[in-house]
Amino acid sequence: MGTYNQTWVSEFVLLGLSSDWDTQVSLFVLFLVMYLVTVLGNILIVLLIRLDGRLHTPMYFFLTNLSIVDVSYATSIVPQLLVHFLSEHKAIPYLSCAAQLFFSLGLGGIEFVLLAAMAYDRYVAVCDPLRYSAIMHGGLCTGLAVSCWISGSINSMLQTAITFQLPMCTNQLIDHISCELLAVVRLACVDTSSNEVAIMVSSIVLLMTPFLLVLLSYVRIISTILKIQSTEGRKKAFHTCASHLTVVVLCYGMAIFTYIRPHSSPNTLQEKLISLFYAVLTPMLNPMIYSLRNKEVKGAWQKLSGQFSGLRSKLAT
């Protein structure tokens with residue numbers, strides 16, 4: 001084996017999106033507002049599901065998990081991004097970089113598997129409605145959720161370990177907005193073929209396998225919907241899946257484009273925009289998608305708003 005002039009770095013420097021001060025201030029304001037909307041929206045969804053007994057169903061149990069994952073994922077990246085927008089020296093300590101990679105990669109993996117569990121829930125609701133309660137009982141839902149969290153965490157732990165065992169030599173500059181997997185692997189001054197294989201394998205296990213399960217679920221769902229004779233019945237059946245299907249399209253598309261072929265990945269600017277899409281846009285949009293396209297959630301909002309209005313009237317008198 002060859003020897004390398006290896007110096008273990010104590011910190012990395014994230015090049016971020018721009019070096020222009022005015023641009024960075026504008027981006028700081030924009031992403032701060034989006035982050036606050038993300039946190040508020042997802043926390044409100046969780047509280048709403050908790051407070052309204054009509055939403056204590058498997059679908060909303062999984063939605064609670066999705067909201068927790070989304071707000072956690074955004075928090076693993078956006079606060080550090082905001083700090084760097086207003087900092088001259090955009091450094092991140094070695095251990096903080098490893099922690100950021102672990103949490104962001106883990107939460108991303110959890111979300112992909114969770115969306116597959118939600119697809120199964122929708123499949124049972126549409127294709128076997130009479131046995132829905134018996135099949136999607138509390139034990140199964142809890143087991144599926146725990147499996148999502150464990151599988152994503154184990155994958156992230158392994159990927160983070162093998163990535164940070166690579167000798168970085170004197171490379172400190174990460175041309176990205178965060179300690180993203182592919183960006184950190186590129187810093188290595190050794191052959192990274194084994195890491196690329198590991199990324200490919202984990203992409204198949206935690207990305208393509210859940211995606212294929214979602215695809216299979218929706219093939220069966222669409223087949224069942226087309227057999228419904230009444231137009232109203234078809235609309236109602238499709239409406240139960242519309243929100244989840246929208247989120248699936250948003251989440252899986254770019255991840256497959258980025259990680260399934262790491263050696264042929266997009267350029268750095270595209271990677272940064274994709275990371276922003278997952279860290280900022282998707283977590284912000286998910287609560288809106290489930291609120292605006294869901295009659296049950298809108299009904300719960302109206303009920304809660306009415307209760308607060310009544311309480312305010314009583315306090316005023």
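Let's start with a count. A search of the whole structure turns up four salt bridges. Keep in mind that this is a predicted model. I'll take you through some of them.

First stop, D52. Its partner in a salt bridge is R54. The closest N and O atoms there sit 3.0 Å apart. Is D52 buried or exposed? The relative accessible area of D52 is 4%. Buried means under 20%, so D52 is buried.

Next, D121 and R122. Their side chains form a salt bridge, at 2.8 Å from N to O. Look at how accessible each partner is. D121 has 1% relative accessibility, so it counts as buried. R122 comes out at 6%, and R122 counts as buried too.

Now for K272 and D175. Here the side chains also meet in a salt bridge, and the N to O distance is 2.8 Å. Where in the chain do the two residues lie? K272 belongs to helix α9, which covers residues 268–292. D175 lies in the loop between β3 (173–174) and α6 (181–185). They are 97 residues apart, so find both on the structure above: this pair links distant parts of the chain.

What about accessibility for this pair? K272 is at 8% relative accessibility, which counts as buried. D175 has a relative accessible area of 32%.

To recap: D52 pairs with R54, D121 with R122, and K272 with D175.

Methods. Residues numbered from 1 in each chain as written. Predicted model: local features only at pLDDT ≥ 70, side-chain atom pairs only at ≥ 80, totals over all residues. Heavy atoms only, no water. Buried < 20%, exposed > 50% of the residue type's maximum accessible area, 1.4 Å probe, protein only. Helix = DSSP H or I, 4+ residues; strand = E, 2+ residues; numbered from the N terminus.
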